[in-house]
Amino acid sequence: MSNQIHDDVCVPQGNFSFRRILAVMLRHLYVLRRSWPRLLELAYWPLIQMILWGFVTKFFMGHSSWVAEAAGVLISAVLLWDVLFRANLGVSLPFIEEMWSRNLAQLFVSPLRDAELISALILMSLVRTLISVTPAAFLAMPLYDVWVFELGIPLLAFFTNLLVFGSVIGITVAGLILRFGLGAESLCWLGIFLLAPVSAIYYPVDALPVWLQWVALSLPSAHTFEGMRMVLFDGVFSWHHFGWAVGLNVVLLSGATAFFLHMMKMARVKGLLMQQGE
Amino acid sequence: MALLSDPIIEVTDLYKTFDDVHAVEGISFRVEPGQTVALLGGNGAGKTTTISMLLGLLSPTKGSVKVLGALMPAERHKALTRLNFSSPYVDLPKRLRVWENLTVYAHLYGLKDVKGRIAELSEDLELTSFLKRPFGDLSAGQKTRVALAKSLLNAPDLMLMDEPTASLDPDTGDWVRTYLERYRERTGATILLASHNMGEVERLADNVLMMREGKIVDEGSPSELIQRHGRENLEQVFLDIARGTSVQSGGAAA
């Protein structure tokens, strides 16, 4: 049934192909590589946030014993919050970009698998997040004498947990946008900000009302920020909070993936894959 | 594993309903290896819906679709490496340069020699002069040629084409049709195309499926259809069927 030219030009790929994942990443890297406004935009907001919270820190150093105990607590929090925020956008925006460019149907009639698309989006999220927060992290030292890398190995644990949780939100938002169309694209920003108050970014979980503390402790982000404060204030890495964050991330990532795949199935039933676009 | 004698496409009693709209109603047909088959019908006849189900982009409400031996959409990944698709209604990323778009898809299809294959197709389809330009900056004719190059990257056994020459000037349209004829001769590929262009269908298609209101209302080679309807060309047959004025319309479903 097959023609010889096909067999000559193509190499059979497995059920899960890293080459196809890299192909999707390449598509987004080509855009980033040439667009300095996009690169600037990625780094701009974390820098502004860091500068703003740097001044807040300076002010509180003389007015708050809590901040004075650990000078980097607010700046570390703002940088890690940006990891979460950018990880979310890093998944949802490339997905929306496929819809804007009416490329989704082309992708879904190629051999690309759904799991490969999700993997590529998470890896792109890592790339975009690193581009976003690295300049701010390095500039915090000369500007405010805060060296966020002092957190050491735990920083890697916090970064990874927030990257995964941000991706979980991004995958969920991508599923919703697939189902409800580009009219729902503002969910990219709404979803993450809904979680901000209960993620205990700038204050401990016990500052929340008791009923909200339960909500906070069901989120990997709250455990991560609690863990960050324990390192900064007590010099202790909390395996308890780390374990909870990892466990919750595993459950939530599985749930978000299942949700996205269900939305894909719905899109196939409702004929949404051919209609997407501006 | 599909056998040589198996049809490339086998559609059996296929239905697709969106809420209370019956887009496709109980169609059945087969496409044999090496055939070029045209789906012909007015707007809303169900052509694009049928193609979407053949591609696995849309789940049937009832019935079955087998493409290259794989049940769609459940087993689509068995078929998707060996087919490809082109439509003016589906774009490529506009900000990416032509060579970047082709490179991305070349990796998705697992090409052995990405640069070599792109160079070969660029030469064949006369893309070389604008390979470095963003896709969004191209004219309609250039975009069609790039989309065609993308759909030929994996040298597919089956090409599904939704109005391949829509919005092209006659010269470019003729150029695309000539290229498709040559490709079919060289590879023995099967082509299924949906079109409103009767000249194109008469020239390319071995078999025509005439659709109206989600049903196949007539089927045959272009000359058979013209003869059966007592008309001079396929356009007149199309108008008869689309307007429901033909003695044949409503009968002879495949």
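## A loop residue in chain B

B:Ala45 lies in the loop between β3 (36-40) and α1 of chain B. Helices (H or I, at least four residues) and strands (E, at least two) are DSSP runs, numbered from the N terminus. This is a predicted model: local features need pLDDT of at least 70, side-chain atom pairs count only at pLDDT 80 or more, and totals for chains, interfaces and linings use all residues. Residues are numbered from 1 along each chain as its sequence is written, while chains are lettered from A and ligands numbered from 1 in the order in which they are written.

B:Ala45 is buried because 25 other C-beta atoms lie within 10 Å. The cut-offs are 20 or more such atoms within 10 Å for buried, 12 or fewer for exposed, and in between for partly exposed, with C-beta atoms placed from the backbone. Leaving aside neighbours within four places in sequence, B:Ala45 contacts B:Met211, B:Arg212 and B:Glu213. Contact means that C-beta atoms, placed from the backbone, lie within 7 Å. B:Ile216 is 171 residues away along the chain, yet its C-alpha atom is 9.1 Å from that of B:Ala45.

## The sheet of chain B

Six strands of chain B form an open sheet in the order β6-β7-β8-β3-β9-β10, with mixed pairing. Strands pair if DSSP finds at least two bridges between them. The edges are β6 (83-86) and β10 (215-220) of chain B, each pairing on one side only. The twist averages 15 degrees from one strand to the next.

Strand β9 (residues 207-212) of chain B runs antiparallel to β10(B), and five bridges join them. B:Arg212 stands opposite B:Lys215 in β10(B). Helix α9 (residues 234-243) of chain B packs on the sheet and touches β3, β9 and β10 of chain B. The direction of α9(B) makes about 30 degrees with that of β9(B). Angles run from 0 to 180 degrees between N-to-C directions, and axes are lines fitted to C-alpha atoms, for helices over the stretch in contact.

## Where the chains meet

The contact takes 42 residues from chain B and 33 residues from chain A. On the chain B side, α1 (47-55), α2 (76-80) and α3 (98-108) each supply at least two residues. The largest share, six residues, comes from α3(B).

## A helix pair in chain A

Helix α5 (residues 73-100) and helix α8 (residues 153-180) of chain A have axes that come within 7 Å and cross at roughly 35 degrees.

Key
Two residues are in contact if their C-beta atoms, placed from the backbone, lie within 7 Å.
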